[in-house]
Amino acid sequence: MSEVFEGYERQYCELSANLSRKCNSASAITDSEQKRQKFSDINSGIDEADVLIRKMDLEARSLQPGVKASFLAKLREYKADLNKLKKEFNRISSPNAHDELLESGIADIHSVSAEQRDRLSMSVERLNQSSERIKESRRTVLETEELGISILEDLHQQRQTLLHAHNKLYDVDSAIDKSKKVLTTMSRRITKNKWIVISIIVALVLAIILILYYKISHG
């Protein structure tokens, strides 16, 4: 799906419907100045439609092969529609248009009007289809945006969970460090107490030896 192509398509359908109405109304204008102004507006509109057709052509040819064919098929229909508009404009703007219209008779007038109505109806239908595609694209964009927001919220919750786990690990590390300090202090105290006990035992042994020696020497 090409939003660029659909944008040009929407503009063309609106312009084609507008040109068709102008061609239909121009035939009924009798004032030469008003008719000249109307023809000038129609001619400018046809030039603008040509530009839109070229833009759609370039955009369609730049798409992937899988979707290019459908857009080129639409483009052929729009080119045929524009050619009909050009023929209609040339017919009503020719110097002998009034005489030709009279000679063609009432049946031909009804036929032309029916053709214009059909073209207008087709343009409106295409415009509606284009609008539906644009709505569908917008709906897809909104759904994608909602999905993105949901994913971001999940990522935020996971980040909070990781931060909470990190804080718990930090607390555990702190407790381990404190335990190490307590064990180190206890170990130092045990070592110190051990040397005190050994010193006391050595002193007692020496005292006993001295007492025994004293008794033996005076016995």
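**Helix packing and a nonpolar surface patch**

Helix α2 (residues 32–61) packs against helix α3 (residues 65–93) at an angle of about 165°, and their axes lie 10 Å apart. The model examined here is predicted. Angles over 145 degrees count as roughly antiparallel. Helices α2 and α3 are therefore roughly antiparallel to each other. Their crossing is left-handed.

Helix α3 also packs with helix α1 (residues 3–26): the two axes come within 11 Å and cross at roughly 20°. This angle makes α1 roughly parallel to α3, because angles under 35 degrees count as roughly parallel. The crossing of α1 and α3 is left-handed.

In sequence, F71 and F5 are 66 residues apart. In space, their C-alpha atoms are 8.2 Å apart.

The surface was examined next. A nonpolar patch is formed there by W195, V197, I198, I201, V202, V205, L206 and I209. Together, these residues have about 740 Å² of accessible area. W195, one of the patch residues, is located in helix α4 (residues 97–217). The relative accessibility of W195 is 53%. W195 therefore counts as exposed, because the exposed class begins over 50%.

Definitions and conventions: Residues are numbered from 1 along each chain as its sequence is written. This is a predicted model: local features need pLDDT of at least 70, side-chain atom pairs count only at pLDDT 80 or more; totals for chains, interfaces and linings use all residues. Side-chain values use heavy atoms; hydrogens and water are left out. Patches are made of residues with over 30% relative accessible area and no salt bridge: like charges are joined within 9 Å, nonpolar side chains (Val, Leu, Ile, Met, Phe, Trp, Tyr) within 5 Å. Accessible areas come from the Shrake-Rupley method with a 1.4 Å probe; for residues, only the protein chains shown count as cover. A salt bridge is a side-chain nitrogen of Lys or Arg within 4 Å of a carboxyl oxygen of Asp or Glu. Helices (H or I, at least four residues) and strands (E, at least two) are DSSP runs, numbered from the N terminus. Buried means under 20% relative accessible area, exposed over 50%, partly exposed in between (1.4 Å probe, protein chains only). Axes are lines fitted to C-alpha atoms, for helices over the stretch in contact, and angles run from 0 to 180 degrees between N-to-C directions. Angles under 35 degrees count as roughly parallel, over 145 as roughly antiparallel, 65 to 115 as roughly perpendicular and the rest as oblique. A crossing is left-handed if the near helix is turned anticlockwise from the far one by less than a right angle, and right-handed if clockwise.
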